[in-house]
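Here is a short walk through one protein chain. Have the sequence and the 3D view open side by side.

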Amino acid sequence: MFRGWIAETGAAFAMQAAAMLLLGSPVSVVAADEESGVGVVAEYRPASARFSFTRAPRGEAVPVRIGTVVMAGDRVALPAGATLVIQLASGRTSKLEGPKTHTIANTGPLGKVKAFFADISGVFDDEFRQEALAGSRGGEQCAAEGEAVKAIEVPILVPDARIVAGNRDLPLAWRGGCAPFVVTVLAGGQALLDRESIEGRQVRLDDVPLAPGRYSVVITDADGRRFEGALEATGEGPALPAELASDTSSLGVIAQAVWLAEHERGRWRLESFERLRPLIRSGDPLAGSIGDGVLWGASPR
């Protein structure tokens, strides 16, 4: 949902651009460095909208999605009522609102984290929210009139899901089935934890004692529909790429979570979400959006 380039004529203009962050006033534009990533799309509304950045020098259209890398000079036209939040390399955010055409100023490079957002999976797009999040609030019908009830699916529990052993919280969200639900964690066929009468389609199981080994997570609905997913607790998680391991900035931590969510076809999604939780609690918009994708989105392919 963006594209463009800002003509820089001197030091005074450069200082002005940095102060402005993201402006919507008309400016003259020239081709800019295509590696000049300055931020990442953190949120946009309405989620069903289809915005695109216009990117110089070829005027290509780049879809606005959660995790899209934003380049200096990108332009985006937002209609009335539309908003777009960009998380900048500095850690600050900038909120763009319509009706207006905005041009992105050069506010500083993303650096090494850019590569980890450049090819982000569609799992972090907002599209999934329209169906998935609506089904998480409870009180809705099991299925639309005349349609069959969908089977229960739990996106964060991909086949052969893994988690580091210890007393762990298990955040679970699912689609399908009819409330109320029962969630059970089994160890060797014996119930380790049982949570009943869940009216929504989301739960967090706190302080589950997971020694190294294999477990089953079972979700059963009011009519006996059943989901069973395997979970393996391991002594340690995968080693992060060296260029990410020491980056404690908010974007660095989010990039770590993105890497974990896509590593080994999504098997480490629970660890990915755990890495995002402190940022989500602090109100970080990008962490919140990507956390929703990790919890609710389709599995990486």
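Is Cys178 buried or exposed, by its relative accessibility? Cys178 counts as buried, because its relative accessibility is 5%, and the cut-off for buried is under 20%. Keep in mind that this is a predicted model.

Now look at the partner of Cys178. A disulfide joins Cys178 to Cys142, with 2.1 Å from S to S. Cys142 sits in the loop between α3 (129-132) and β10 (161-164), and Cys178 in the loop between β11 (166-173) and β12 (181-187), so the bond ties together parts that are 36 residues apart in sequence. Cys142 counts as partly exposed, because its relative accessibility is 33%. The structure holds 1 disulfide. A disulfide is a covalent bond between the sulfur atoms of two cysteines.

Asp74 lies in the loop between β5 (69-71) and β6 (75-78). Its relative accessibility is 0%, so Asp74 counts as buried. What does the side chain of Asp74 make a polar contact with? The partner is the side chain of Arg55, at 2.6 Å. The Asp74 side chain also reaches the backbone nitrogen of Met71, at 2.9 Å.

Step back to the whole chain. The secondary structure comes to 7 helices and 16 strands. The chain has 301 residues, and 50% of them count as buried. Take the contacts between residues at least 6 apart in sequence: 68% of these join residues at least 24 apart. The accessible surface is about 13,700 Å². Carbon and sulfur atoms account for 49% of that surface.

Methods. Residues numbered from 1 in each chain as written. Predicted model: local features only at pLDDT ≥ 70, side-chain atom pairs only at ≥ 80, totals over all residues. Heavy atoms only, no water. Helix = DSSP H or I, 4+ residues; strand = E, 2+ residues; numbered from the N terminus. Buried < 20%, exposed > 50% of the residue type's maximum accessible area, 1.4 Å probe, protein only. Contact = heavy atoms within 4.5 Å. Areas by Shrake-Rupley, 256 points an atom, 1.4 Å probe, with all protein chains shown as cover. Disulfide = S-S within 2.5 Å. Polar contact = N/O pair within 3.5 Å; in protein donor to acceptor, adjacent residues only side chain to side chain.
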